[in-house]
Amino acid sequence: MTQSELIILNFTEIRRKSIKLWTGLPKDYYNWKPDEKAMTAIEMIRHVLEADYGWNIIINKGNMTNYKTPWKNRPFISVADELEFAESYRKTFLESVRQFSDKELNETEIIHPGNGEKKILGKYLLRIGYHESVHAGQFLSYLRAMKINRPEIWD
């Protein structure tokens, strides 16, 4: 198995667990948030899904100066709608990852536009998985605070 295949396997497993959590959210709680400064539950879901679009630009060394998200002005309808809309962007992102050689993963420098930090591509991709995992933990906390049964993600 190549490094890119392992990274994709990790991304796929993380997303599978995220989707289990997200689909456990009743529609009545989409706009719930723990405090005024936090994202709502549905905003957090969109944030994670939307990130694939930006990550793909970054890992392909695209220009983020005039970044425009395809989600701009898109209404929140449902978790299923968010997943459906994001599907093509996820496929594009994973296909980009699939095409990187082990040499590229170990030698290509990526500069994160938010902070200007340089990272090796393979390590940067692992941090992307961590980003979603952190939000999965936050989402579990949201569900707990809402007193909603939390889906079993450890199967």
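# Exercises on helix packing and buried residues

T40 is found in the loop between α1 and α2, where helices (H or I, at least four residues) and strands (E, at least two) are DSSP runs numbered from the N terminus. The model is predicted: local features need pLDDT of at least 70, side-chain atom pairs count only at pLDDT 80 or more, and totals for chains, interfaces and linings use all residues. Residues are numbered from 1 along each chain as its sequence is written, and side-chain values use heavy atoms, with hydrogens and water left out.

## Exercise 1: a loop residue

Determine whether T40 is buried or exposed, and list the residues in contact with T40, leaving aside its neighbours within four places in sequence.

Solution.

Step 1. The relative accessible area of T40 is 8%. Buried means under 20%, exposed over 50%, and partly exposed in between (1.4 Å probe, protein chains only). T40 is therefore buried.

Step 2. Contact means heavy atoms within 4.5 Å. With neighbours within four places in sequence left aside, T40 is in contact with Y30, N31, W32, K33 and Y142.

## Exercise 2: helices α2 and α3

Describe how the axes of α2 and α3 are arranged, and name the residues that make the contact.

Solution.

Step 1. Two packed helices are described by the angle between their axes and the distance between the axes. Axes are lines fitted to C-alpha atoms, for helices over the stretch in contact, and angles run from 0 to 180 degrees between N-to-C directions.

Step 2. Helix α2 covers residues 41-59 and helix α3 covers residues 79-98; their axes come within 9 Å and cross at roughly 25 degrees. This makes α2 roughly parallel to α3. Angles under 35 degrees count as roughly parallel, over 145 as roughly antiparallel, 65 to 115 as roughly perpendicular, and the rest as oblique.

Step 3. The crossing of α2 and α3 is left-handed. A crossing has this hand if the near helix is turned anticlockwise from the far one by less than a right angle, and is right-handed if the turn is clockwise.

Step 4. From α2, the contact is made by I42, I45, R46, L49, D52, Y53, W55, N56 and I59. From α3, it is made by V79, E82, L83, A86, Y89, R90, T92, F93, S96 and V97. By class, there are 12 nonpolar, 3 polar and 4 charged residues in this contact. Ala, Val, Leu, Ile, Met, Phe, Trp, Tyr, Cys and Pro count as nonpolar, Asp, Glu, Lys and Arg as charged, and the others, Gly among them, as polar.

Step 5. S96 belongs to α3 and is buried at 13% relative accessible area. Apart from neighbours within four places in sequence, S96 is in contact with N56, I59 and N60. S96 and N56 lie 40 residues apart in sequence and 7.1 Å apart in space, C-alpha to C-alpha.

## Exercise 3: helices α2 and α5

State the relative direction of α2 and α5, and give the classes of the residues in their contact.

Solution.

Step 1. The two helices pack at an angle of about 175 degrees, with their axes 10 Å apart. Hence α2 and α5 are roughly antiparallel to each other.

Step 2. Among the residues making the contact are M44, V48 and W55 of α2 and L125, I128 and F139 of α5. By class, the contact has 15 nonpolar, 4 polar and 1 charged residues.

## Exercise 4: helices α1 and α5, and G129

Describe how α1 passes α5, and locate G129.

Solution.

Step 1. The axes of α1 (residues 3-22) and α5 come within 10 Å and cross at roughly 15 degrees. That makes α1 roughly parallel to α5. The crossing is left-handed.

Step 2. Residues of α1, including F11, I14 and R15, meet residues of α5, including L125, G129 and E132. The contact has 12 nonpolar, 4 polar and 2 charged residues.

Step 3. G129 is found in helix α5 (residues 121-146) and is buried, with a relative accessible area of 3%. Not counting residues up to four places away in sequence, G129 touches F11 and I14. G129 and R15 are 114 residues apart in sequence but 8.9 Å apart in space, C-alpha to C-alpha.

## Exercise 5: positive phi values

Find where K61 lies and where N73 lies, and decide whether K61 and N73 are buried or exposed.

Solution.

Step 1. K61 lies in the loop between α2 and α3. Its phi is near 55 degrees, a positive value in a residue other than glycine. K61 is exposed, with a relative accessible area of 56%.

Step 2. N73 lies in the loop between α2 and α3. N73 is not a glycine, yet has a positive phi of about 65 degrees. At 72% relative accessibility, N73 counts as exposed.
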